[in-house]
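Please take a moment to look over the sequence and the fold shown here before reading on. The paragraphs that follow lead you through them step by step.

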Amino acid sequence: DKTLGEIYKTWSKFKFGTISRSMVNGYKAAWKYLSVLEKQPICVIRKSHMQEIIKEMIASGLSRSSMEKVKTLAVILFNEAMDDNIVEKNFGSLIELPASRKAQKPTFSDMEIRKLERQAEGGDIWAGTIMILIYTGMRVGELLKLTKFNVDLQGWTITGGIKTDAGTDRVIPIHSKIRPYISFWHSQPGTRLISRDGKPISVDYYRASIFKPTLQRAGIERELTPHSTRHTFATLLSKAKAPTKDIQAIMGHSDYAVTANTYTHPDVEELRSAIEMI
């Protein structure tokens, strides 16, 4: 006769003392939906009862993530009941969730890029760094780790990268639009290409104290992240009909590690032609 509510109370009393506050809040949020069954003995609760909760959540327009939390909690509570020989089957694991939708990654619009460009041309040096990210496709961590030795001002290329075998030490031609910003930073104190008073900048500091305030100064209110610049670069290259293998090479996609072993690696001039298509 043990109810779902009694099992939740016993389980949460112990569990909540061993996990983070954010996890506690997640379980409490999920319980708000499952609690419609709290007075029911868990031995009579079936998949159909919990599936109705999911249907109501779908009708209310709630996220799949919220439904996943409800299912996770249901599975946990049924496991607790199974451990005490109250039930023999975990009906929580049978709950069906709607298909997940892959969220579209945000990118900078043409108008937002022009706003940043005007801001950079007006002397905002940090707007120039965002333009560099947009026109190189580099991850912000890659850009902040670059030293001046990674930059060739004669051949206008950047050599560097992180994360994948294909991305490490890749060659990125410097787009003509961002050469003034690269030249400016190359002339500043310090060994890093991008620094603050000659000192290295962390990714977290750049994101919170440089990137967001710079967007606000440029009049861009939309929620964008430094990684949005990378998606923007790929989108611009794709719209310009740049060859797929060149896009992979410039961005350092891991897929290209396979391509490079099978096909001829694009030379710098081929990559330069691709990047200047933007």
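**The nonpolar cores**

The largest nonpolar core holds 47 residues, and among these Phe108, Leu116, Ile194 and Tyr206 touch the most other members. A nonpolar core is a set of buried Ala, Val, Leu, Ile, Met, Phe, Trp, Tyr and Cys residues joined through side-chain atoms within 4.5 Å, where buried means under 20% relative accessible area, exposed means over 50%, and partly exposed lies in between (1.4 Å probe, protein chains only). At least two residues of this core are supplied by each of helix H5 (110–121), H6, H7, H8, helix H9 (203–217), helix H10 (226–239), helix H11 (244–251) and helix H13 (268–275), and the largest share, eight residues, comes from H6. Helices (H or I, at least four residues) and strands (E, at least two) are DSSP runs, numbered from the N terminus. Phe108, leaving aside its neighbours within four places in sequence, is in contact (heavy atoms within 4.5 Å) with residues including Ile113, Leu116, Ile130, Ile134 and Phe211. A second, separate core of 29 residues includes Tyr27, Leu34, Ile42 and Leu73.

This is a predicted model, in which local features need pLDDT of at least 70 and side-chain atom pairs count only at pLDDT 80 or more, while totals for chains, interfaces and linings use all residues. Residues are numbered from 1 along each chain as its sequence is written, and side-chain values use heavy atoms, with hydrogens and water left out. The pLDDT is the predictor's confidence in each residue, from 0 to 100; the chain averages 88, and 90% of the residues score at least 70. Confidence is highest in H8, at a mean of 97, and lowest in helix H12 (residues 255–262), at 40. Over residues 255–265 the pLDDT stays under 50, and the model has 11 contacts beyond four places in sequence for them.

Taken as a whole, the chain contains 13 helices and three strands, and buried residues make up 43% of its 278 residues. Of the contacts with a separation of 6 or more, 65% are between residues 24 or more positions apart. Leu4 counts as buried because its relative accessibility is 4%, and its contacts beyond four places in sequence include Trp31, Leu34 and Ile42.

Rings of Phe, Tyr and Trp (its six-membered ring) pair if their centres lie within 6.5 Å, and planes under 30 degrees apart count as stacked, over 60 as edge-to-face and the rest as tilted. A search of the whole structure finds 11 such aromatic pairs. In one of them, the rings of Trp126 and Trp185 have their centres 5.1 Å apart and their planes at 45°, so this pair is tilted. Because Trp126 lies in helix H6 (residues 125–136) and Trp185 in helix H8 (residues 179–186), the pair ties together parts that are 59 residues apart in sequence. Trp126 and Trp185 are both buried. Elsewhere, ring pairs link Tyr8, Trp11, Phe16, Tyr27 and Trp31 into a cluster.

What about the charged side chains? Side chains of opposite charge can pair when their charged atoms come close. A salt bridge is a side-chain nitrogen of Lys or Arg within 4 Å of a carboxyl oxygen of Asp or Glu, and nine of these are found in the whole structure. Arg139 forms one with Glu142, their closest N and O atoms being 3.0 Å apart, and Arg139, Glu142 and Arg170 are linked in a network of salt bridges. Arg139 counts as buried at 13% relative accessibility, and Glu142 is buried as well, with a relative accessible area of 2%. The side chains of Asp204 and Arg207 also meet in a salt bridge (3.1 Å, N to O); these two are three residues apart in helix H9, so about one helical turn separates them. Here Asp204 counts as exposed at 56% relative accessibility, and Arg207 as partly exposed at 34%.

Lys148, finally, is found in the loop between helix H7 (140–145) and strand S1 (151–152). Lys148 is buried yet has no salt bridge, and the nearest side chain of opposite charge, Asp197, is 12 Å away (Lys and Arg count as positive and Asp and Glu as negative, while His and the chain ends are not counted).
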